[in-house]
Amino acid sequence: MTDTLPTEDLVVGGNGALDPVTFEILRSRLSAINDEAAMTMRLVSGSPVANEAYDMNVGLMDAGGDCFAIGMYITIHALALSSTVKDIRQRFAATDIGPGDVFMSNDPYVGACHQMDVAVVAPIFAGGELVAWTGSTVHQIDLGGPVEGQVQLGATSIWSEQPIFPPIKIVDAGELRPDVERGYLRRTRLPHLVGLDLKAMIAGCNVGVARVGDLAERYGTDVVLAAIEGINVATAARFRARLRELPDGTWSHRGYIEYDEVYPVVVEMTKQGDSLTFDFTESADQAGAVINCTRPACVGAVVAAVLPYLCYDMAWSPAGLQRAIEVRTREGTVVHAAWPAGTSKATTTGSFMATISAGVCLSKLLAASEGHLRQFMSTWMGGLYVEDMFGVDQRGEFFGAAILDAMAGGSGARSFADGLDAGGFLDSPSAIIANIEDIEYSYPVLYLSRRIQPDTGGAGKYRGGNTLAMTYIVHGVDQLPTKVLHAIGTYQPGSIGVAGGYPSNTNQFVIKRNTNVREMLDGGAVPDDLGDLDGEMEIFTDSIVKTSQGRDDVHRYVAMGGGGYLDPLDREPDRVLDDYVVGAVTVAHARETYGVIIDSDEVCVDAAATERRRREIRHERRRSASLAGEPARQTGPS
Amino acid sequence: MDRLVAVDSGGTFTDCVVLDAAGRVTTAKAPSTPSDFSEGVVQSVQRAAVTEDLDLGGILRATTSFCHGTTVATNALLTRSGSVVGLVTTKGHEDAIIVGRTIQKAAGLTESELSNLAQLEKAVPVVPRPLIRGVTERIDYRGSVVVPVDVDEAARAADELVDSGVEAIAVCFLWSFMNPDHERAVAELIRSRHPDLLVTVSHEVAPVIKEYERCATTVLNGYLSGTTHAYISKLQERLADGGLGADPVIMQSIGGVSSAEASKGRAVALLGSGPTGGVFGAAALGRLIGADNVVTTDVGGTSFDVGLVVDGEPLVVGTPVFDKYHTVLPVIDVTSIGAGGGSLAWLEPGTGLIKVGPQSAGAVPGPACYGIGGTLPTVTDANLVLGRLDPDYFLGGERRLHTDLADDAIRTHIAEAAGLPVEEAAMAIVDILDARMADLVRTSTIGRGYDPREFALFAFGGAGPLHVGAYAADVGTRLTVVPTNSAVFSAFGIAASDPVAVVQASDPMVAPFDPERLEEIYVALAAGAVEELRANGVAPEDITTSREAEMRYRGQVHEVRVPVPDGPLGAESLAVTMEEFRRRYNRRYGSGAAADAAIEARTFVVRGVGRQAKPELRPAALGGEDPGPALVAERQVYFRPLGGFVPTPIYRRELLVPGNAVGGHAVIEAVDTTMVIHPGQRADVDAWGNMLLDTTGGRR
């Protein structure tokens, strides 16, 4: 059976106007236009959020709002644009949507991932006909609400989080509405930054409007419409073909969000023929605020997992995929919030865990496929740690900043190689962490270390990537008065292992208070780790902490590694030794988890002791398994 | 007679251009010889000599200036055949070069490569982790010492590295550009203990804020210097033996040349200098013909390279990527995609759509029509089937092309499955490639904040003139130029280059700036640039220096390079600089973008140039428009707007004279390239022999 798509399938609504070559050219052109929109937005914005963390995206939607092209940035944003357009189509009279209009919204119940991710969308007209939509979104640092930044600690519903607004016209027939702009900027603590990002998002939309308009003029509206529909049809065909290449079955995962209690995110994924269903209905009931995500965000989160796992060799066109994917949710859960549940931190809680959980199921599907095993990835960094800092900097000015070093998480183990150390995170492959010199120049801190932390990646025949640990002190000021530290995966590793692979570490943050760090530095020594210092350890067990840091306090955090693949006892002892040599695995971890005994003086493996140790671990496993279930038939080493 | 010789070694060919004092030009091509690149260099000069009825010695003895662009450093990096290098860095920060700001896995990748996450890899380390040593020391952002350097620990680290067999040591400490004392102390110590070792130090190589990029730059310099040193020495020897009296000068990736000796110690500055000659040449040609803003497009066998000239100067990028390492050396900014004559055409599984590239057939097995083993269809095969290439006049007839093999390849792999006649499948391949090229021209200009329609477009490289009529029309540039000798244009650019010394240093500060402090910085930088040029043998009176600053709005990431007036600086000249910053920022990033934020100046640059007398190209008098005497044949060439194959006039490039005008449809053939004039387009030969193509009259 051939998977070749009959050409006539591509010619939809175009009166046969579209040949395959023109289609290929237009497909590439539409994707280039979307890139241009993203570049324009980044250039105008200039913010580290849009240019280094890449917490942004752009998308092109068809006239109905289905997203057929997205940028290589945070995937989930693009789906939010799609939901926002669909809402506008429903709520606004057709006569109220005209050329030169631009709409904006931050309403999660309409489409925004959370209130911080403002969606800006614009209709594209050609010859008086609505042919498509373009949209952009950038994460905002502050949009008001009782607490600085995104995490509305103490909120009990969406009413005690950032103000929300459903779609509203910000540009009317080419004219910016100053009243709407003023009202929007009135609510933020950072009107300058937020204002600039608004301009940037509008500029991104303008590129899409102008260039798709040109295209329609040059090739004809019918041809462009046919190409857009063709992209959806072609992607759906390729994606269904991909599904047919994969084994049928059901896979499940249970992830956790720590907050006032632990909220499981439960997903069961069924792949049958050329359809794929994700069932989240067993997930925990929603919390009052902060950690929930809405249904559109959950659907986006699933697509954000499907694209990197299954669409590695095709154009990323979500609408085409969505024709073959079903997402079942239950209203009133952490992944399908019911009004008026709050969602202020959704992208690092509800929707983040939905992506991770869907990803785990997909990785198991790939692990079961001979043909696509090479694309298998165990979980990438399953919980993102973020630190929001506010205070007065070394120049005496008020500042607010997000420290995002934890984006350098470990990537998941593969079927042929380890995950990447400090490999990043799945949903934003281009993300960049800041240089320490840039951080220290801008903010009153001094890093004692930022190193790859051994043993943080999940063990396995192929291990997960290790992540970073860093320590810093305040510098040039007496204190950092406000630090909001937040993460998931503080009780339970988010990066689980697959097929016998082990999970990663957890996110860990501690402050050692009242240390002798200043004396040490004055005495000409730099502490290697907290153990070198006197002082009191404050170990945070909550997933969200608001605290401060004084002159003699040392802050340390460890981000999250990636998950492992296959049993670590099957890893070649020499490869464990190699890991030891480069500092990726410690002697103790090699012994305990890999069962490999390393002679650190001779830098070699003790083969006989390794053999014994591995036997011992296997025996121990049988013994503990028998405690949990049937009595073991054997009681001693064989 | 005095001659200037420029030789550009590329991956496939080594190009040679010889200019004599009368401005007469001789060109030659020889295959590149990666096992010993100097062989190809000598071969290309020898071939040029033959054209002039001379032998190698004859031409070398008459040469007063020998300029060379080499890929030896790039090649050593790509094949990881550099020296064993160790790194001494700040304790606690040993992993910075491995972490690579986490972008390392994605640096320099295309979107489709990036979407294949399971196959992403970080750089193959040029310095393995066991050869990285942390040393106790710490300097803060002001340059104040927080913890003095522990020299005993540094000595132990160096000794251990030497015991482990390193051939070079790189030293990079945090904030060393603000206070180099610690790096200096450690470098001196290592040099005194191990006098034969190459020691490369970050505040000397790239004293610029951004510790990862600075560290990578320093380590790469250590890694590449051994190979580069050996190569340049060998070349010097061969050329001197051949009779060359002058010392060769080497093309730098910033554009401009530097002495052989200086280049041996700063190998990292040669990385990526390959496409630089073309962009630099385009700037020079632009000045000649009055085009200040130019998009350069270089189409070879495997890649399509796009560069920009803005206001007469090649656009520079401050943090170029080399094989996944971000560095912090200013280089001429060139974007590249896998698209060229050798690009393979294929059908996408699942949809059956035609795709072109990025994979290439390369020189071996090559396009199907070469008949040397390639069976998959390439762009060159498509051009042959369409009648655009003459099977008997490829490389002047040196390589015979097989139309039947090209036809077979396209029929078997594309046409039959797609249900198209062979010529339509071939046209589809070319159309798709042309569209991708147009897309790259747009994204690489828009992405840098410019509108390509306000630029002239220059096309060169072996396959540039074949495709430019289509992609230039698509982009909508106002003037399209195919330079004379376009197939060796890069070597021309090298010939046009003057000695250059670019000296930079970071010292981040927030406005209002102190003019005296800035003046001090610039005077010190200028002294360094002048000293370097003088050491390269440039006479003091030939040296000019210019100042630049990298500035940005506080809280923003975009750095803009702004010219700074010559000193002494005062409040007034700084006000001019700030205004120029705002103007440039607004031009690139949109008006009023960040006007309220404070302005920061971070990195200061002095560019020293040693003006050298060059043989001048002389304009010829324009003759009549009629190209009739250059008409050599007529053959069937496929043009879709004309309904398929039509009889098409074929002109010989060498026979066209200034003033001639060729109207489309037509094909113009030279020994090393072929130019297609589409219906409605028109090409005029200007006084310097360039083809000025007007694409506004016709589209594909």
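I call a residue buried if 20 or more other C-beta atoms lie within 10 Å of its own, exposed if 12 or fewer, and partly exposed in between, with C-beta atoms placed from the backbone. I keep to that rule in these entries.

**Ground rules.** This is a predicted model, so I note that local features need pLDDT of at least 70, that side-chain atom pairs count only at pLDDT 80 or more, and that totals for chains, interfaces and linings use all residues. Residues are numbered from 1 along each chain as its sequence is written, while chains are lettered from A and ligands numbered from 1 in the order in which they are written.

**Entry: B:Pro641.** I looked up this proline under the rule above. B:Pro641 is partly exposed, because 13 other C-beta atoms lie within 10 Å. I find B:Pro641 in the loop between strand 29 (631-639) and strand 30 (644-652) of chain B. Helices (H or I, at least four residues) and strands (E, at least two) are DSSP runs, numbered from the N terminus. I also checked B:Pro641 against B:Pro679: they are 38 residues apart in sequence, and their C-alpha atoms are 7.6 Å apart in space.

**Entry: chain B as a whole.** I count 18 helices and 35 strands in chain B. Its C-alpha atoms fill a box of roughly 80 × 60 × 60 Å along the principal axes. For 700 residues, a compact globule would have a radius of gyration near 27 Å; chain B has 26 Å, which agrees. The radius is taken over C-alpha atoms, and the globule rule is 2.2 Å times the number of residues to the power 0.38. Of the 700 residues in chain B, 58% are buried. I then turned to contacts, where two residues count if their C-beta atoms, placed from the backbone, lie within 7 Å. Among contacts in chain B between residues at least 6 apart in sequence, 66% join residues at least 24 apart.

**Entry: the cores.** A nonpolar core is a set of buried Ala, Val, Leu, Ile, Met, Phe, Trp, Tyr and Cys residues joined through C-beta atoms within 7 Å. The largest one has 425 residues, and those with the most contacts inside it are A:Met41, A:Val302, B:Ile169, B:Val219 and B:Ile429. Helix 14 (residues 422-446) of chain B gives the largest share of this core, 15 residues. Apart from it lies another core, of 11 residues, including A:Val576 and A:Tyr580. I followed up B:Ile429: leaving aside neighbours within four places in sequence, B:Ile429 is in contact with B:Ala345, B:Ile354, B:Val356, B:Val379 and B:Ala382.

**Entry: where A meets B.** The contact takes 72 residues from chain A and 66 residues from chain B. Helix 2 of chain A gives the most to the side of chain A that touches chain B, with 13 residues. By class, that side has 40 nonpolar, 16 polar and 16 charged residues. Here Ala, Val, Leu, Ile, Met, Phe, Trp, Tyr, Cys and Pro count as nonpolar, Asp, Glu, Lys and Arg as charged, and the others, Gly among them, as polar.

**Entry: strand 5 of chain B.** Six of the six residues of strand 5 (residues 85-90) are buried, so strand 5 is largely enclosed by the rest of the structure. Two strands pair if DSSP finds at least two bridges between them. Strand 5 runs parallel to strand 9 (residues 168-172) of chain B, with five bridges joining them. One of the partners in strand 9 is B:Cys172, bridged to B:Thr89. Strand 5 also runs parallel to strand 6 (residues 132-135) of chain B, with four bridges. There, B:Thr90 has B:Val135 as its bridge partner.

**Entry: helix 11 of chain B.** I find helix 11 mostly covered, with 10 of its 14 residues buried. Among the buried ones are B:Val279, B:Phe280 and B:Leu285. Just after helix 11, B:Gly290 takes a positive phi of about 80°.

Entry: The peptide bond from B:Gly357 to B:Pro358 is cis, with omega near 0°. B:Pro358 sits in strand 22 (residues 354-360) of chain B. Another cis peptide bond joins B:Gly664 and B:His665, with omega about 5°.

A:Asp455 is not a glycine, yet has a positive phi of about 70°. Is A:Asp455 buried or exposed? A:Asp455 counts as buried, because it has 20 C-beta neighbours inside 10 Å. B:Asp323 also has a positive phi, near 45°. With 16 C-beta neighbours inside 10 Å, B:Asp323 counts as partly exposed.
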